Amino acid sequence: MKAKKFLFKLGHSLGFPFCVFFLWLSLRSSKKKYKRWQEDPELLGLTERQNYVYSLASKAVFCTFTKVKIKGSKNIPANKSVMFVPNHKSNFDVLVYLKAFKMIKEKRPEILDPTFVSKIEISKTKRVGFAAKLINTIFIDRQNLRDFVRVNQEEKELLQKGEQSLTVFIEGTRIKKDEFGEFKSAALTPAYSTFCQIVPVVIYGTLGVEKEHKSNIFKYKEVTVEFLEPIKYKDYIQTSKELVSEKMKAKMEAAYLKIKEDPNWSEKEE
């Protein structure tokens with residue numbers, strides 16, 4: 001175990017300057033790629049755009065000395081648009097989540113790529129905003145209550161189209177402490193409208209990886225992304241969104257605590 005950790009750190013230390021350089025180059029091209037796609041959508045298909053964003057996330061994860069471990073990838077339905085519902089501790093969640101999907105799709109290419117519902121401020125972020133747009137991220141103005149209607153409709157249309165899956169951080173914001181926040185049951189509305197499966201996702205190990213904790217960003221860390229058993233439409237349609245959210249939260253909290261109590265339980269990566 002210690003030898004593996006040493007080799008991991010050594011490899012990352014040696015590759016760090018090169019990775020940072022290539023990440024910088026890749027980010028610089030995000031605006032150009034976005035404009036190219038807007039001018040002629042056929043020149044840049046969804047797969048190419050998604051792979052570009054996967055590559056960005058992987059480089060960022062590598063640069064931050066992060067090892068991503070995955071559990072429960074077999075729980076992800078194949079060839080179906082589903083709603084993924086992860087917990088949210090840090091902006092870093094998105095990067096490790098995308099890295100996890102890149103790893104999973106190498107073995108299970110039939111899984112549909114995920115996109116996100118994100119706060120509108122991200123769309124205005126230089127370079128990162130363009131990368132988010134490339135994978136059809138749905139942006140929401142949380143200060144405008146009317147915008148929730150538009151977003152709900154776009155979520156529904158995306159799931160019905162059947163080309164991507166949807167990722168919604170059900171707590172609605174980052175919970176910067178070692179517990180879960182309130183689950184916003186209304187976030188499940190698109191699933192109820194489209195009969196899709198709901199897949200709870202637990203992300204552990206990203207707490208404290210933020211700009212205000214710069215010293216943690218480049219420390220070696222292990223992050224676990226666990227996909228729990230999907231909730232099928234027939235199992236939730238006759239149950240209120242509030243009750244489904246409560247039950248889902250309880251299962252996710254239990255999984256989170258299991259990882260916290262024994263970080264090595266998921267050491268055997270899938």
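Author: Let us begin with accessibility: buried means under 20% relative accessible area, exposed over 50%, and partly exposed in between (1.4 Å probe, protein chains only). This is a predicted model, in which local features need pLDDT of at least 70, side-chain atom pairs count only at pLDDT 80 or more, and totals for chains, interfaces and linings use all residues. Residues are numbered from 1 along each chain as its sequence is written, and side-chain values use heavy atoms, with hydrogens and water left out.

Reader: How many aromatic pairs does a search of the whole structure find?
Author: The search gives 15 aromatic pairs. Rings of Phe, Tyr and Trp (its six-membered ring) pair if their centres lie within 6.5 Å; planes under 30 degrees apart count as stacked, over 60 as edge-to-face and the rest as tilted.

Reader: What is the geometry of Y34 and W37?
Author: Y34 and W37 are edge-to-face, at 5.9 Å centre to centre with 65° between the planes. Both residues are buried, and both lie in helix α2, three residues apart. Helices are DSSP runs (H or I, at least four residues), numbered from the N terminus.

Reader: And what of Y233 and Y236?
Author: Y233 and Y236 also form an edge-to-face pair, 5.4 Å centre to centre and 85° between the planes. They are three residues apart in helix α10 (residues 233-236), so about one helical turn separates them.

Reader: Is Y233 buried or partly exposed?
Author: Y233 counts as partly exposed because its relative accessibility is 23%, whereas Y236, at 0%, counts as buried.

Reader: Which residues form one aromatic cluster?
Author: The cluster consists of F84, Y97, F101, F116, F169 and F227.

Conventions: Helix = DSSP H or I, 4+ residues; strand = E, 2+ residues; numbered from the N terminus.
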